Amino acid sequence: MIITENKNKKVIQSHDFEQVNCTIDAEDMRYVASLLRNNYSNTRLAVVREISANALDANKEANSNRPIEVKLPTSMNSTFEVRDFGGGLSQEDVFGLYSKYGKSTKRTSNNYIGAFGIGKFAPLSYGENFTCVSYHGGEKTSYNIFVDENDDTKIVRLHEPEPSNEPTGLIISVAVADSDREDFRIITKRFFQFFSDEEMPKFIGVEENFIKKNDFLLSADDDSWFFLQHDNSGYHYGRSYDAHIIMGRVAYPLDRSSINISNFVKDESKARTIKSLISSSNFYFRMPVGSVRLHHSRESLEYNKVTQREIAKILLSITNQIEVIAKRKLADSEDLFEAKKNCAQVLNALPYELKGIFKNSFVWKNIKIDSARFVRDYGIHNELHITESQKVSDTDARNGYKISSRKVDSVFCQDNYLFMIQDIESSHGNNLRVRTLMNANPDLQGVYIIRPLDKKSEDYIYNEWNFNLIDKKHIRYSSQVEKEKIKHNGVRKKNGSRANIPLFRMDLDSRYGRKNADYWLNVKQEITDVKDVDGSYKNKLIFIPIKNYKINYNDFELDSIKSKMKMVNNLLGDKKKVALFGVRVGDVKKLDDSVWVSFHDFYSELAKEYLLSNFDEANKVHTHLKTKGSTKMHRHLNQLGKLFSRENFKVNLTDHCINVVAKKYLHYNIISDNSAYNYIMFLRSTKQEDWINQNLVQLFSAKELSKDIDSLEEKYPLLVNIAISCPTWESLDKNNLLKNINQYISLCDERGKGE
């Protein structure tokens with residue numbers, strides 16, 4: 001790469017004074033060499049980039065048509081190696097040219113990536129040494145490049161030259177730490193992601209298709225710029241919001257704060273658009289090698305005026321191209337479904353400024369396209385029903401998935417989705433029809449079921465939404481889709497159906513249930529008397545309604561109810577274990593009230609009894625929930641809490657105002673009784689909060705606690721600062737900190753106001 005020089009620079013001197021050229025003394029070269037070796041912020045990336053770039057340059061110089069070889073570190077051989085098929089180096093070249101910092105033969109041509117003459121030493125920024133094997137003149141010679149105890153860079157030949165029939169070239173080998181092996185794989189994959197097939201290396205020690213083809217949302221015809229489907233470049237490392245330039249096949253992140261576009265683009269609208277492009281992390285554009293200047297580490301650009309001007313110039317041209325290509329992509333759509341889908345992809349790819357410019361200008365066959373959705377007007381929501389049925393993975397369900405359905409007000413044109421128009425009267429069995437479609441196409445993720453209830457809504461679909469312009473491959477009709485035929489698996493047949501089992505008992509001893517049915521044990525006998533079965537509570541048996549083995553009560557899950565029952569039995573002790581029976585929803589009305597009590601009534605009674613018998617602890621939990629839920633908490637509560645929550649933080653006087661507020665903070669911040677908490681939360685979830693408010697006492701309100709803290713801040717103004725500066729991992733006894741805090745509080749108390 002040509003490093004440009006300012007040929008027009010003129011220095012005018014008013015007098016013929018003495019002058020001298022600035023140089024580096026030999027004894028200082030050790031220090032300069034160290035600076036050059038260690039000028040990389042990401043040493044692993046530097047290793048991959050620099051030795052790969054040098055190998056590519058060597059191949060180009062030798063006109064080799066054999067790709068370079070890159071070997072990734074493995075558990076068996078933890079080295080990173082790059083092999084080129086250039087001319088190799090003689091010992092004279094290695095000791096003469098290769099050993100010189102800043103020495104390069106590539107500065108007279110933009111055909112090469114390198115130019116600075118320091119990249120060859122990049123491995124020394126990662127480790128203390130690396131090896132170089134040269135195949136040259138029919139001989140193989142190995143060298144070790146290392147940093148000695150005096151911090152000098154040295155090259156030593158490892159053996160006498162050996163005869164070799166191998167192709168000429170170099171192998172650079174770098175030892176990689178075990179903990180860095182995966183990082184080297186990721187960095188290598190990202191570094192080479194924009195290389196063409198012709199220049200792509202041969203990778204050794206990796207899986208097939210190691211470098212995956214990039215997915216473009218929008219791109220130029222000649223690939224000179226593009227928006228990636230997902231930005232996975234990884235080169236920004238902490239700056240994930242700026243675009244990239246690709247120069248010499250290497251991607252470099254842009255720093256938008258270093259480019260003053262307004263200096264080079266006077267049109268404010270265009271300047272805003274270009275700034276937006278620079279801020280888009282999934283946007284990449286190519287520039288010729290040497291057109292902008294790189295930092296000598298080659299990790300970033302040098303943002304001089306020439307670089308800024310060239311970037312602004314090419315981005316101005318790209319801005320004009322984007323509109324043409326974006327509209328053409330839409331115009332090439334096969335049908336309205338594809339047009340709306342492509343419109344969304346284009347708009348999602350564009351930065352905000354460009355999105356606003358193009359949003360109202362997309363037209364397909366004289367139809368304005370502004371989104372991927374067909375949105376139903378509110379005035380027709382009673383006549384046109386739309387249901388979205390999605391596939392949800394569930395290993396317990398048939399074929400490994402279940403159908404989740406919800407009412408929506410629009411349909412979305414997207415991959416792996418279909419529209420199904422309901423042209424029969426009943427919606428019964430629609431989910432089974434959806435399953436038929438999904439079984440036929442495993443990639444199908446969802447179906448929009450569109451149900452027009454009258455002629456007006458049917459006309460709306462075709463006249464307003466223009467469904468007649470959608471290809472038939474995207475539309476199904478419910479009358480033409482059969483319901484899925486349910487086939488019971490062999491396990492079900494072997495174990496027998498449970499349809500005739502009248503009653504189930506929750507299995508409280510097993511650790512977990514793989515399926516909903518696993519939570520229940522069969523109860524085959526009919527129960528007419530409490531004495532017939534163990535597990536009663538106050539001479540009644542507890543039941544809960546179930547449907548398809550799921551809890552059909554108050555949106556509770558099986559695990560939640562099982563946990564509550566286990567907690568109850570732990571509190572009651574081993575002598576009095578209670579059982580929970582599952583009763584099918586349709587059979588609940590058949591139960592005898594003298595024998596059965598609902599889980600709701602049982603658990604509510606148990607909760608109230610516990611809370612009243614543990615009144616003080618219940619009040620603390622009640623206060624915690626009331627104050628913790630307030631959005632008007634004092635701004636310094638959490639800072640002071642760092643002091644209040646310390647076990648040894650006690651002001652000398654027991655009834656001191658600080659101790660009183662600290663006690664309130666503990667009630668606010670800490671749940672003192674988990675059982676009381678669970679019972680109160682149950683009563684809340686079952687709309688019994690009136691009982692809580694009537695029978696429990698809120699010890700203080702959030703407003704009162706905030707008022708107390710205001711009072712403390714007025715009397716002890718430094719207390720918040722003390723709390724903030726006290727590390728939570730250090731004891732207050734260290735350096736007499738607690739003693740000093742108490743002395744400060746006593747001083748304020750004596751003076752009557754804060755000091």
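How many of the 755 residues of the chain count as buried? The share is 45%, where buried means under 20% relative accessible area, exposed means over 50%, and partly exposed is in between, with a 1.4 Å probe and protein chains only. Before going further, note that this is a predicted model, in which local features need pLDDT of at least 70, side-chain atom pairs count only at pLDDT 80 or more, and totals for chains, interfaces and linings use all residues. Residues are numbered from 1 along each chain as its sequence is written, and side-chain values use heavy atoms, with hydrogens and water left out.

Now for the overall layout. The chain has 22 helices and 28 strands; these are DSSP runs numbered from the N terminus, helices being H or I with at least four residues and strands E with at least two. Take the contacts (heavy atoms within 4.5 Å) between residues at least 6 apart in sequence: 72% of them join residues at least 24 apart. The accessible surface comes to about 41700 Å², and carbon and sulfur atoms own 46% of that; the areas are from the Shrake-Rupley method with a 1.4 Å probe, and for residues only the protein chains shown count as cover.

Five strands line up as 9-10-13-11-12 in an open sheet with mixed pairing, two strands being paired if DSSP finds at least two bridges between them. Strand 9 and strand 12 (250–253) each have a single partner strand, so one side of each is left without a neighbour in the sheet. From one strand to the next, the twist averages 25°; axes here are lines fitted to C-alpha atoms, for helices over the stretch in contact, and angles run from 0 to 180 degrees between N-to-C directions. Inside this sheet, strand 11 (244–247) and strand 13 (283–286) run parallel over three bridges, and His244 has Tyr284 as its bridge partner.

Why is Gly205 partly exposed? Because its relative accessibility is 43%. Setting aside neighbours within four places in sequence, Gly205 touches Thr74 and Arg185.

Strand 20 (417–421) pairs with strand 22 in the parallel sense over three bridges, with Met420 partnered to Arg476.

Asp335 lies in the loop between helix 7 (305–331) and helix 8 (336–349). Asp335 is buried but has no salt bridge, and Lys473, the nearest side chain of opposite charge, is 6.2 Å away. A salt bridge would need a side-chain nitrogen of Lys or Arg within 4 Å of a carboxyl oxygen of Asp or Glu; Lys and Arg count as positive, Asp and Glu as negative, while His and the chain ends are not counted. Beyond neighbours within four places in sequence, Asp335 contacts Trp364, Leu469, Ile470, Asp471 and His474.

Asn366, in the loop between strand 14 (363–364) and strand 15 (367–368), has a positive phi of about 65° although it is not a glycine. Asn366 counts as exposed because its relative accessibility is 78%.
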